[in-house]
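Keep the structure open while you read.

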Amino acid sequence: MIAQPEPKRTVMARRDIIVAGLRDLLPETGVIAEAIRLKPYETDGLSAYRQVPLAVVLPETTEQVAAVMAFCHHEGVRVVPRGAGTSLSGGALPMEDSVVLGLMRMNRILDIDYADRCAVVQAGVTNIGITQAVQGEGFFYAPDPSSQLACMIGGNVNMNSGGAHCLRYGVTANNLLGLRVVTAEGEVMEIGGAHMDAAGYDWLGLLTGSEGQLVVVTEVTVRILRGPEGARAMLAAFKSNEVAGACVDAIIGSGIIPVALEFMDRPAIHACEAFAHAGYPLDAEALLIIEVEGSLTEQDYYLDRIREICGRFDPVSMKVSQSAEESLAIWKGRKGAFGAVGRISPDYLCMDGTIPTSRLADVLGRIGEMSAAYGLQVANIFHAGDGNLHPLIMFDANDPASFHKAETFGADILKLCVEVGGCLTGEHGVGIEKRDLMGVQFTEIELEQQRRIKSAFDPGWLLNPSKVFPLKAELPKAA
Amino acid sequence: MSEIVPTDAAGVVAAVAEAYATGTPIAVAGNASKAGLLRPVQAARTLSTRGLSGISLYSPQELVMAAGAGTPVAEIAAAAAAKGQHIISEPPDLSAFYGTSGPATLGGMVAANLSGPRRVMWGATRDHVLGVTAVNGMGETIRSGGRVLKNVTGLDLCKLLTGSYGTLAVMTEITLKVLPVPERRGTLVLKGLEPGRAVKALAAALGSPYAVSGAAHLPAAMAARVPALAWLGGSVTLARIEDFAPAVAYRTERLKVELAGYGAAELLDDGASTSAWAAIRDVVPLVSEAGAVWRVSVRPSAGPAVAEAVARAFDAAWFMDWGGGLLWIAGPATEEAHAAVVQAAGTGAWTLMRAPETLRAAVAVVPPEPAPLARIARNVKAAFDPKGILNPGRMVAGL
């Protein structure tokens, strides 16, 4: 289990005064302090960790966020920003002495500008909500994390979320133009805007992916893109992970950048097929889902070329979709992967590391050895084009020993990712989950550099406590 | 001015550590090919990274290349071209613009975060910096990012250091994402549009499903200075499509139909397209202008109003890229002209790109940060460079 810091006794002792102070700042329904109503906020997508917070506030405007931040700064209260609570790394896990700042009531789309291809939305708008608002005009918002039906853009900014299509369209950071943020001291700042280039320091780039450590994001200006004429997927199944990996290299090496290039290993194929009946070949060791875009003729052109390349790698089978329905069926299994694994195992940990794609086969081989050694099954989903690996480790949460093994196994996988030249997290963030592994990727000097930047924004270290940075060795002891 | 030219990263560490110990400011540069950009630095010594030259990793099938910060951009481009790839943000070659001969380095390209026409579709240079190794103002080596395309581990210092002009840390090695060079290019040219109509046409092109990767407008006088465009006569409005040959043929044809309301478009072939966009990228129309040159980034639809405002204030030469979202403006090197550009830019971003040293030292060369952010900027500068020895005053006076 990951250690948590001791709550500040001074804050806990003043709980009633703090709640009363918050009630002065917000509408009546905007402050939650009753134990039973705090319960839903005790965890996020990393549900193995739970902690009921001191209070929850649900502001409706940037000004209310600023008032809450100024108050908490004055009172020395730690603040945990929260969107939809879908973080898989515990990025929104409360602390006992913290106020959870929920942004879900800030859910309005403020402006859509098709001529300038941007939209201004509040932090609590869902990822899919942006695309839904603009798709009538043929536009979309590109990053598409698996949780896109629920997750909110404020959380996407803080985690720099990716998705299945970032090989072509980039991650959140590549699709933002501006932010409205509130500092730890309660000041409102505008970063960027509707223009494409910043002069001066790239605050937008630094704040994106900063996991709530630096500021609270209340509004986001996103780039919206005109959708392609169409898209189509194909399946290619191979006899080994090595061969599938070599085929990915050959596709990219040919100069084609598909919009999506997804890889599944044998356990993932079986789990997804049993769940979705997508027609995945069960005799294959590895499966690629490849998607291209353009007019029908263009799709045919790219798919013909890709099929020709795949053909050189002795595929078990290939299937090119002939319609939107068939493409949907091909994606159905992949998009349902988490649910599929959930069906065959009582619980699973969804890991997220990145590796150089050339090391895929080697890494999967070693994960297989670890799986045998730990006695825990694992299914691997991989954004093959960009090296982002998602091992799903299956365990039983009712058995503390099984959970402990799963966590240790997961940590070993992430250490392996770093060892082969990759990193601890590709798109889920560090949160609390990988906090204590940061020393595997960074030196103490590098972590100190990052801590100083945190201090430059948040001198009192009140924002999203105990995430990202390893707790100092000298954890404060209970009084 | 004395110059230190370390040949390895340890040499950079030693040089900065010594400067830190003695509190001596140093000018950080590659070959100083963009020394004419932003503010002049007052420092007795220059630390050049040009000795840190060479490609250390190139894995075309993984789309990654790593090289020493002093590696000439041309060397990177040539190595990538040999494998059919390129730096997709199309960073400009400003050697003619600044009249410098030393080759631009990778470190300088990243430190200035300059992006070319493809910014509208493929993002800025900062979007393709995957990893950085740098030495902060205390002589400590810090790494951020890595050699993989997706990485959200810790704070993204790659983006912060990109565009920081050597004021936070001295970059020693940089890893870039590189992408395949499209098989073919094609450019549609609409003739004789005034700026307002031109930007509307470009918005229609950029808002089409045909993946337009360049969108520029040059008034007649500017187009006349680009050989690939001069023959067209009059103002030109250009939309570029890059992809496999059949896709380019199909999409340019469709886009031509979609833009029919703006006039009959001519089609520039692959060669003419390449040279026209290289000229736009490298600011060729303004190279021979005397006086000052500014770069202004605004919301694309605001581009024509900015051009109109500066033209009212002084005798301006200008052209637009990024569908109207980027203006290159030349005018008199005076504080009055500078103030007019700043006012026209409004809430957009602006940079004084080229001017005599006196003007560069006298005015803000980038927009001043508002109060809370100015405080944070000072804190962040101190977090990297507590004694203020790295490129002091390069971006902002006193920082």
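The model as a whole scores ipTM 0.98 and pTM 0.97. This is a predicted model, where local features need pLDDT of at least 70, side-chain atom pairs count only at pLDDT 80 or more, and totals for chains, interfaces and linings use all residues. Residues are numbered from 1 along each chain as its sequence is written, chains are lettered from A and ligands numbered from 1 in the order written, and side-chain values use heavy atoms, leaving out hydrogens and water.

Now for the helix pair. H14(A) and H15(A) pack at about 160°, their axes 11 Å apart. That makes the two roughly antiparallel (angles over 145 degrees). Contact residues (heavy atoms within 4.5 Å) include Ile367(A) and Met370(A) from H14(A), and Phe409(A) and Ile413(A) from H15(A). The contact's residues split into seven nonpolar, two polar and four charged.

On to the sheet, whose strands are DSSP runs of at least two residues. This open, mixed sheet has four strands in the order E1-E2-E4-E3 of chain A. E1 and E3 sit at the edges with a single partner strand each, so one side of each lacks a neighbour in the sheet.

| Strand (chain A) | Residues |
|---|---|
| E1 | 31-32 |
| E2 | 55-57 |
| E3 | 78-82 |
| E4 | 98-102 |

E2(A) and E4(A) pair in the parallel sense over three bridges, and Val57(A) has Leu101(A) as its bridge partner in E4(A).

Conventions
Axes fitted to C-alpha atoms, helices over the stretch in contact; angles between N-to-C directions. Parallel < 35°, antiparallel > 145°, perpendicular 65-115°, else oblique. Nonpolar A, V, L, I, M, F, W, Y, C, P; charged D, E, K, R; others polar. Pairing = 2+ DSSP bridges.
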